[in-house]
Amino acid sequence: MVRIKIQTNSLNVWYGDNHVLQDVKLAIPEGHITAIIGPSGCGKTTLLKSLNRMVELIEGSRVEGRVLLDGRDIYDSDMDPAELRRRVGMVFQKPNPLPMSIYDNVAYGLRVRGIDDRAILDEAVEEALERAGLWSEVKERLRDSAFNLSIGQQQRLCIARALAVGPDVLLLDEPCSSLDPISTSRIESLLTRLKNDLTLVIVTHNLQQARRIADYTAFLYMGRLVEMAPTEEIFENPREELTRNYIKGRFG
């Protein structure tokens with residue numbers, strides 16, 4: 001039986017008067033990859049940011065409804081947003097390494113949490129880089145600037161930085177959109193491996209990418225969830241006409 005890791009109930013998000021997400025009810029299975037697809041401007045990134053309260057950082061935003069992580073509402077007043085974002089990490093569309101060394105990028109989140117024991121940091125940095133498929137490429141130059149890495153390596157470094165603090169969930173917003181095909185393939189292989197330990201949610205415009213790596217796919221249109229199902233079902237036998245039209249490239 002599939003266990004639900006994150007569930008949204010009647011999730012609504014506004015930016016000022018703009019009603020961006022409307023009554024979204026979504027169940028994200030644990031230990032799987034869920035892809036969120038839909039036309040530009042339909043609310044995909046907003047939905048992603050709602051799952052770890054990063055949406056609150058956007059001026060004029062307002063959230064109603066519930067987002068449950070392991071059955072607990074993340075918008076409860078006693079939920080610490082910093083701890084939530086440790087558990088529900090996020091990787092952005094454009095790689096955003098910090099202006100410091102490769103090592104310090106990965107160790108950053110641990111140091112923020114008060115961990116400064118060198119042996120612990122060394123072990124955590126190596127493990128995170130290994131899980132991100134980057135260790136063998138950078139182990140001899142950990143003190144180099146992160147900006148010396150290729151764009152694809154920088155994105156894997158950002159994934160390693162998120163992994164270092166031990167998240168339960170990883171949110172990825174178009175993580176391959178600025179990458180070449182080889183780097184994209186590496187990221188996709190990495191995500192497929194990571195689902196053995198994590199729950200992953202990826203926003204993508206690349207329908208073939210969703211089909212290649214996602215176990216479940218959710219189709220969002222004009223701020224509403226049209227349908228969610230196992231990926232093959234969405235692509236081979238969607239229930240809704242809107243989904244069929246989008247899959248066939250008739251709009252968006």
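**Exercise 1.** In what order do the six strands of the open sheet stand?

*Solution.* A quick word on the ground rules: this is a predicted model, where local features need pLDDT of at least 70, side-chain atom pairs count only at pLDDT 80 or more, and totals for chains, interfaces and linings use all residues. Residues are numbered from 1 along each chain as its sequence is written, and side-chain values use heavy atoms, with hydrogens and water left out.

Step one: read off the order, which is β6-β7-β8-β3-β9-β10, with mixed pairing. Strands here are DSSP runs (E, at least two residues), as are helices (H or I, at least four), numbered from the N terminus. Two strands pair if DSSP finds at least two bridges between them.

Step two: look at the edges. β6 (88-91) and β10 (224-230) each have a single partner strand, so one side of each is left without a neighbour in the sheet.

Step three: check the twist, which averages 20° from one strand to the next. Angles run from 0 to 180 degrees between N-to-C directions, and axes are lines fitted to C-alpha atoms, for helices over the stretch in contact.

**Exercise 2.** Follow the bridges from β6 to β7 and on to β8.

*Solution.* Start at β6, which runs parallel to β7 and is joined to it by four bridges. V88 stands opposite V169 in β7. Now see where the side chains of β6 go: V88 and M90 point one way, G89 and V91 the other, and all are buried (under 20% relative accessible area; exposed is over 50%, partly exposed in between, with a 1.4 Å probe and protein chains only).

Next, go from β7 (residues 169-173) to β8 (residues 199-203): the two are parallel and share five bridges. Here L172 faces I202 in β8. Helix α7 (residues 181-194) packs on the sheet, touching β3 (33-37), β7 and β8, and its direction makes about 150° with that of β8. Contact means heavy atoms within 4.5 Å.

**Exercise 3.** Describe how α6 packs against α7.

*Solution.* First, the geometry: the axes of α6 (residues 151-164) and α7 come within 9 Å and cross at roughly 20°. That makes α6 roughly parallel to α7 (angles under 35 degrees count as roughly parallel, over 145 as roughly antiparallel, 65 to 115 as roughly perpendicular and the rest as oblique).

Then the residues: α6 brings G152, Q155, R156, I159 and L163, while α7 brings S183, R186, I187, L190 and L194.

Last, sort them: five are nonpolar, three polar and two charged. Ala, Val, Leu, Ile, Met, Phe, Trp, Tyr, Cys and Pro count as nonpolar, Asp, Glu, Lys and Arg as charged, and the others, Gly among them, as polar.

**Exercise 4.** Which residues of α3 are buried, and which helices do they pack against?

*Solution.* Begin with the buried set in α3 (residues 102-112): I102, Y103, N105, V106, A107, G109 and L110. These pack against α4 (118-131), α5 (135-138) and α6.

Now zoom in on α6. Its axis and that of α3 are 7 Å apart, at an angle of about 30°. That makes α3 roughly parallel to α6. The contact uses I102, N105, V106 and L110 of α3 with L157, A160, R161 and A164 of α6. Sorted by type, this contact has six nonpolar residues, one polar and one charged.

To finish, step just past α3, where G114 takes a positive phi of about 95°.
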